[in-house]
Amino acid sequence: QQRTLKEFPMWTGQVPESVEQWPLPYGAVIGEFNVRFQPSGVEVCVLPREIVEGNLVVFLQREGPGNELRDPVFVGAVACEQLMGLMRSVLEPEDYAIQWTNPPRLIGDDGVTYRIDNLDIGADGKLDVGWSIYLRSNRSGLSMAHSLCEPLPPEGLDPCVPEERLSLEAERAVANRLGRQLDARSAGKPVRPRRLLQHTQNVRSRMLRRITLDLSWTYPRGIMDTLDAACLAFDQETLVEIIDRRGNFGPRYGASNGKRWMPSGADGLHGSLKYVGDVVDTDKRTGKQVMALRIDVLPQNITDLIFVLTTASSRDLTRFGELCVKIFDMDTMAVLAETQLRNPGKEEAAIMCSIYHMEDGLWRVNSLCELCRGSSRDYKPILARLAELGYPRNVSMRNQVPVLLSSMKDTLNLDVDVKATSVKMGPVSRMRAEYAVELFAQSRDGLSLVRQLGKDHCREALARALSSSTEERLQGKDFELQPAVFKTLHHVAFDLCWKCPTTISMPAGGGSGKEGRSGRKTKEGHSNSKGKNQSAQEMSIEALLDAGKVEGRLEFANQLDGACVMFQEQALREVVDYRGSHGVRLVANGVVDYRGVWAGKVGIGDATGGAVVYASEAMDIPANTGRNTLEVRFDKLPRSATDLFFVLSTPTAFDISEFADLRVLLRDAGNQGHEIASAHIGSVARGEAVVLSAVSRESECWKLNAFGCTCLGSARDYRQALLCLRAIQEKRHAISPPWPHQVRDDPDCRSPCRPRSQRPSNIPRLPELNLSILDHRRGSANSSRASFRAPNPDDAPATPRTAGSRTPSISSRTSRGFGSSSIDDRRLKGLPLSDRT
């Protein structure tokens, strides 16, 4: 009736204005680069995966009286050298063999061990040498042991079998050489050549499970003092544990085991590393602290073990000398690695070495010998220095992304910053980072930028920046720049985000949601202050549910409804929310309104042409946040569309001011990690809905405007929120569409004798329609129904509203001077199909 009588509802409050504006890019140059992690220090050794051990026996025979054995030391050395050389010749390049019994033991036939220089052996003797083969390749230790012990087939070995590396011809040649060497140094008949398997005894294979670390020092002069040894364990993301002679101190410095924070006193290494004790020799003025490590018991997430020597009671390390770390195989006490720092200097701590593993699974030992501040009383300076050296791995590699992006900006002479769209860490200590260079209206051409990124000088400049930032730890071989491509940013996702409330303001008397909603409406309409007689109280959502003061489920209190409202200057063209496009009408009940009429979800027509789609909604319960996502295809938007407003509203009686951290994120829909722009609103005033932002067309580019103003209206009834948006558009656009009017149904003007061009358009009237707005997402049984009925000619005309009968936030204005009573067909032909409908 208001529209029939040309009464126009108006917004009476203050018109909101944009608080900030950002231009949106039309395209971007995207690419990626890869960085491989390299540990600090110098590699000392690679610990073996398996160890094959045994004894090498050289038989020395006496053929008759007077044939005394001559020079047994030389003969034994020659024999052992020949046989050890044979074993080394059949190993992979990664493997190696050592002789850990030096000099050989001289054993007679009676089983008595003689001195190696003893020539009075009562019977034929033998030389016994202990040896070990350290396997670091993929070859099995058991197959290696079998090849050294079992006899070879007469026809030789199959060259296609990788485990059988011993050649029958090579074995016979070595045995012949061994026989000639022994014959050259002995009297009598030559020693009969023997096969290699006849010289190997007690061969066994085992895994390297236990190692011992001796962290030693010397104290040349003055009162004898000691040092404290400590081990700092890291995984790829964080510190896991700190162990010294006093116990475990990881949780004190923020250590965590995987994704769980450990309580105080828990061992993040599961007992795999133990402090054994210390040994101080006052006569030799030396000392050491011993730690035992079980490699097979270490958690799988552990990647780096850093061993440190710190002062115990001294101020610095000036009086100490020859700091040394030795790593032993606990089963044989063979030295596996050793690193030494002779002059520590005036610092408090020395980072001696690291034990780590890479993608091949082998544990390696690197010598660091870095000096820094910190002691066993405070490990924070040591952790800060380790962060500079690259520990934890993933954290240090992520820190290189801003350095590389800044170097790329300087190399390409860009006016805007290069954005990191994605940073992913691989399981093999590799980082894959994606970037985007956004292009604006006045920016450079995207294709020329792609060609410049493909040149060698650009990659070399980035590699130099990476090497300089990591203290030469990462080199050019560890950096790889992939080819870049250019893409247009036409498909954009708008994330309407919020943080859920933990408490809700309710009237002191309680009440249902409807009472709370009506209680927030005031005389000003757009201002949602409470009545004077209503005192608010803060109650948690759970308490309100238990008290029965909140209708619905708990999820309703945490959810908001996002909507996109499209305008053509001052004319409303479409409303899109989780129900889809509503279908804004230009003609309703015979009244023509080019400003657009929202009548709920009609389900007929989409003025956006499918360019605006409600994509999804998500709730993060642990983080207590929510998100609604709408996707916009700017290339498919009608050319007449000028503004897109994004609104959040509450589906319940709760106030929008209870929600915090309101913001809008614009992302590339094809590249979710590319954040194009964002508008952070934060907290807002009281109301049912908030206008977060708008995207406006200016010339050939789009700009993002942030508002953050509140108003009434929700998904059940957008009319009052639309009044606020109409007021914004009336202030921004001067040209207004024609006022609403109704075509007169005059029989004379519809006479067949009149020309068709002079006849008014036959506008059908809408029948009575009960529109049910159901919330199918939440399964709510309560639905909001809006009844639309075509005006009946028999009804009495409604009385125009007066000033005293105005509703809150809506005023009535009677149009004057508009005598148009017909519609020009040419005006409808120029409109889109959906608008003409």
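**Note on salt bridges, helices and backbone in a predicted model**

1. Glu434 and Arg432 form a salt bridge, with 2.9 Å between the closest N and O atoms. A salt bridge here is a side-chain nitrogen of Lys or Arg within 4 Å of a carboxyl oxygen of Asp or Glu. Glu434 is buried at a relative accessible area of 17%, whereas Arg432 is partly exposed at 30%. The classes are buried under 20% relative accessible area, exposed over 50% and partly exposed in between (1.4 Å probe, protein chains only).

2. This is a predicted model, in which local features need pLDDT of at least 70, side-chain atom pairs count only at pLDDT 80 or more, and totals for chains, interfaces and linings use all residues. Residues are numbered from 1 along each chain as its sequence is written, and side-chain values use heavy atoms, with hydrogens and water left out.

3. The protein contains 14 helices and 46 strands, taken as DSSP runs numbered from the N terminus (helices H or I, at least four residues; strands E, at least two). Of its 837 residues, 49% are buried. Among contacts between residues at least 6 apart in sequence, 72% join residues at least 24 apart, a contact being heavy atoms within 4.5 Å.

4. The salt-bridge rule gives a count of 36. One of the pairs is Asp495 with Arg667, whose side chains meet at 2.4 Å, N to O. Asp495 belongs to strand β28 (residues 491–499) and Arg667 to strand β39 (residues 660–668), so this pair ties together parts that are 172 residues apart in sequence. Both partners are buried: Asp495 has 3% relative accessibility, and Arg667 has 13%.

5. Asp417 and Lys409 give another salt bridge, at 2.7 Å from N to O. Here Asp417 is exposed, with 54% relative accessibility, while Lys409 is partly exposed, with a relative accessible area of 23%. Elsewhere, salt bridges link Glu53, Arg204, Arg206, Arg210, Asp329 and Asp331 into a network.

6. Helix packing is illustrated by α6 and α7. The axes of α6 (residues 400–412) and α7 (residues 446–453) come within 11 Å and cross at roughly 110 degrees, which makes α6 roughly perpendicular to α7. The axes are lines fitted to C-alpha atoms over the stretch in contact, with angles from 0 to 180 degrees between N-to-C directions. Angles of 65 to 115 degrees count as roughly perpendicular, under 35 as roughly parallel, over 145 as roughly antiparallel and the rest as oblique. The crossing of α6 and α7 is right-handed, that is, the near helix is turned clockwise from the far one by less than a right angle. On the α6 side, Met408, Thr411 and Leu412 meet Leu449, Gln452 and Leu453 of α7.

7. Helix α12 covers residues 719–732, which is 14 residues. Its reach from first to last C-alpha is 20 Å, close to the 20 Å expected; the expected span is 1.5 Å times one less than the number of residues. The buried residues in α12 are Ala721, Leu722, Leu723, Cys724, Leu725, Arg726, Ala727, Ile728 and Gln729.

8. Which residues does Ile728 touch, leaving out those up to four places away in sequence? The partners are Val15, Pro16, Phe645 and Phe707. Ile728 sits in helix α12 and is buried, at 2% relative accessibility. Between Ile728 and Pro16 there are 6.5 Å in space, C-alpha to C-alpha, although the two are 712 residues apart in sequence.

9. Some backbone points are worth a check by eye. The peptide bond that joins Tyr391 and Pro392 is cis, with omega about 0 degrees. Pro392 lies in the loop between α4 (380–389) and α5 (393–398).

10. Cys369 is not a glycine, yet has a positive phi of about 55 degrees. Cys369 lies in strand β23 (residues 363–372) and is partly exposed, at 22% relative accessible area. Glu569, also not a glycine, has a positive phi of about 55 degrees. Glu569 is placed in the loop between β31 (561–568) and β32 (571–577), and its 33% relative accessibility counts as partly exposed.
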